[in-house]
Each structure stands twice: as C-alpha cells, then as structure tokens.
Amino acid sequence: MRLKPATSLLCGLFGFFGLLSSSSATDAAKPAACANPVYLMVDPGAMDFAPRIAEVLRREQIKVSFLVSNHRTPNGEGSLGNLWGGWWKLVAEQGHEFVSHTYDHVAWRGDMPGYRPAFRMKPAAGALEGREFTFEPPKLCEQIEHAARRAEDFTGKKSLPLFSLPGGQTSPKLLASASACGYAHVGVTRARLLTGALPLQAVLQGTRSGDVMLVDLHSAGSAEPWALRNLEPLVRELKGRGLCFESLRKHPGYADWIASHGG
C-alpha cells in the first residue's frame with residue numbers, strides 16, 4: 001500500500017526518533033578533548049533532509065549548532081511547527097546547541113538613511129515572504145528572540161545568545177542593535193559554506209582549526225543538497241587530519257559573551 005505524503009513523513013520521523021533514542025556503546029563513549037576545533041552550524045532548511053544529517057552527526061559523535069528559523073516545509077506548517085517539536089527535542093538531547101536564524105528567515109538588504117538605526121529586511125518565510133520591509137531595532141530583536149524562544153519551548157534548552165542572518169550580510173548598526181538586546185552575530189569564516197559551490201577536496205584543503213562552517217540543507221525540488229552527500233566523508237577526512245568538532249559554545253570568540261549573557 002502506498003502511503004500518503006503526510007503519513008510517510010510521520011513514519012519516517014517516528015523511525016528516526018526510535019533510532020536516536022536507542023543506546024549503544026558508541027553513543028556512551030566520551031569524546032576526547034578537542035585541541036584543533038572547527039565549528040559546524042547546520043541550517044536544516046525545509047527539514048526534508050534534517051533527520052538524515054542528524055543521524056550522520058550521531059554516528060560520527062560530533063556536536064554542532066543548529067540554526068533555528070520557521071522555514072517553510074512541504075506540509076506547510078513550518079520547521080518550528082508542532083510536527084517537528086519532537087525532532088528538535090531529540091537533537092537537543094544529543095547535545096547540540098541552537099542559534100537563532102530569525103523566525104521568518106529574514107535577510108538584511110541595507111541600512112535605511114538617517115541617524116536612528118533602521119534596516120531594509122526581506123523575509124523568506126511566513127506571511128510576508130518575499131517582500132521587503134523596514135525593521136527598527138525592536139522588530140529585529142523580536143525576530144531573533146522569537147526563533148530562540150520557540151526552540152526553547154520544544155527542547156527545554158536555552159538557545160545560545162547568538163544569531164546568524166540568512167546570507168550572512170550585516171552592518172555595524174545592525175550588529176550594535178542586536179548586541180543591545182543580547183545577541184552576537186556569527187559569521188562563516190573563509191567562505192566555509194557547504195553548498196556545493198566548491199568541490200569536496202577544495203573544502204578540505206581550505207579548512208583550518210578555528211573555522212566556522214555552515215552546512216546548508218536548502219535544496220531545489222527533490223534534489224539532495226551537496227552537504228547531505230558529502231558531510232560524512234568531510235567529517236571523517238578532517239578528523240583524520242587531526243581536526244575535531246565543537247559547538248559554538250566553546251568558540252573562543254563567543255565563549256565569554258555566552259557566559260555573560262546567560263547562555
């Protein structure tokens with residue numbers, strides 16, 4: 001019997017939850033101290049491939065920082081809808097951290113002229129998707145905090161006091177406004193954006209200790225994202241070169257900020 005799409009999705013989720021909740025000697029093993037870390041962020045996008053990526057992370061015993069936004073999903077509910085609540089909870093139990101990506105996946109398009117800070121912003125999700133709006137600092141902070149609070153609702157785990165804007169573009173005024181409401185921005189170093197723009201070998205050769213890397217699971221249609229096919233070989237190769245993986249909680253550029261802002 002052929003399952004309806006919604007039924008198929010739920011079956012896949014329940015199977016994934018069962019896999020994550022099963023214990024093994026590998027899961028119980030404590031990882032060695034991380035001397036040469038790289039820091040992975042994962043943007044799960046529309047969630048199509050999020051369970052499979054999370055299984056790679058479990059298998060390789062590495063901790064990452066998930067970017068949290070209510071991205072549009074095939075069932076129309078959004079990645080922070082109730083259907084995905086159990087998934088967010090389980091990846092939190094695996095030890096992963098959470099970083100706001102703004103609730104409506106909002107990208108910065110420019111500063112507005114004038115003395116008072118205001119920004120041209122474009123949501124890629126939500127009721128106002130695809131339109132450009134002017135955000136003053138309170139609206140920016142609301143977008144950042146809404147995603148962080150929603151993740152905490154599901155997981156019981158406080159998100160890190162960090163955010164990362166879609167596209168990575170910011171301005172000094174925007175950074176100052178976010179800082180005033182308790183959030184520091186995380187950029188991606190040396191174009192370590194794992195989307196397929198570079199061959200795997202080029203990514204491997206360019207990666208250094210201290211890099212922040214972004215695993216981007218946005219995809220066009222049914223095509224598998226580059227990161228899904230290449231994440232596990234990339235992780236194993238970097239481990240073989242003496243690198244290891246930490247969440248952003250351990251990043252020297254953010255650790256003091258996190259500690260001083262209740263993270």
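A crossing of two helices is left-handed if the near helix is turned anticlockwise from the far one by less than a right angle, and right-handed if clockwise. The model is predicted, with local features needing pLDDT of at least 70 and side-chain atom pairs counting only at pLDDT 80 or more, while totals for chains, interfaces and linings use all residues. Residues are numbered from 1 along each chain as its sequence is written, and side-chain values use heavy atoms, with hydrogens and water left out.

**Exercise 1.** Describe how α5 and α6 pack against each other.

*Solution.* Begin with the axes, which are lines fitted to C-alpha atoms over the stretch in contact, with angles running from 0 to 180 degrees between N-to-C directions. Those of α5 and α6 (residues 172-180) come within 9 Å and cross at roughly 65°. Angles of 65 to 115 degrees count as roughly perpendicular, and the two helices α5 and α6 are therefore roughly perpendicular to each other. The handedness of this crossing between α5 and α6 is right-handed. On the α5 side the contact (heavy atoms within 4.5 Å) is made by Pro137, Leu140, Cys141 and Ile144, and on the α6 side by Leu174, Ser177 and Ala178.

**Exercise 2.** Locate the largest nonpolar core and state which elements supply it.

*Solution.* A nonpolar core is a set of buried Ala, Val, Leu, Ile, Met, Phe, Trp, Tyr and Cys residues joined through side-chain atoms within 4.5 Å, where buried means under 20% relative accessible area with a 1.4 Å probe, protein chains only. The largest has 41 residues, and those with the most contacts inside it include Leu40, Phe66, Trp87 and Trp88. Among the elements that each supply at least two residues are β1 (37-43), α3 (50-60), α4 (85-93) and α8 (226-240); the largest share, seven residues, comes from α8. Helices (H or I, at least four residues) and strands (E, at least two) are DSSP runs, numbered from the N terminus.

**Exercise 3.** Examine the burial of α3 and α4, and what follows each helix.

*Solution.* Take α3 to start with: nine of its 11 residues are buried, and these include the charged residues Glu55, Arg58 and Glu60. After α3 comes glutamine 61, whose phi is positive, near 55°. In α4 the buried residues are Gly85, Trp87, Trp88, Leu90, Val91 and Ala92, and glycine 95, which follows this helix, has a positive phi near 105°.

Notes. Buried < 20%, exposed > 50% of the residue type's maximum accessible area, 1.4 Å probe, protein only. Parallel < 35°, antiparallel > 145°, perpendicular 65-115°, else oblique.
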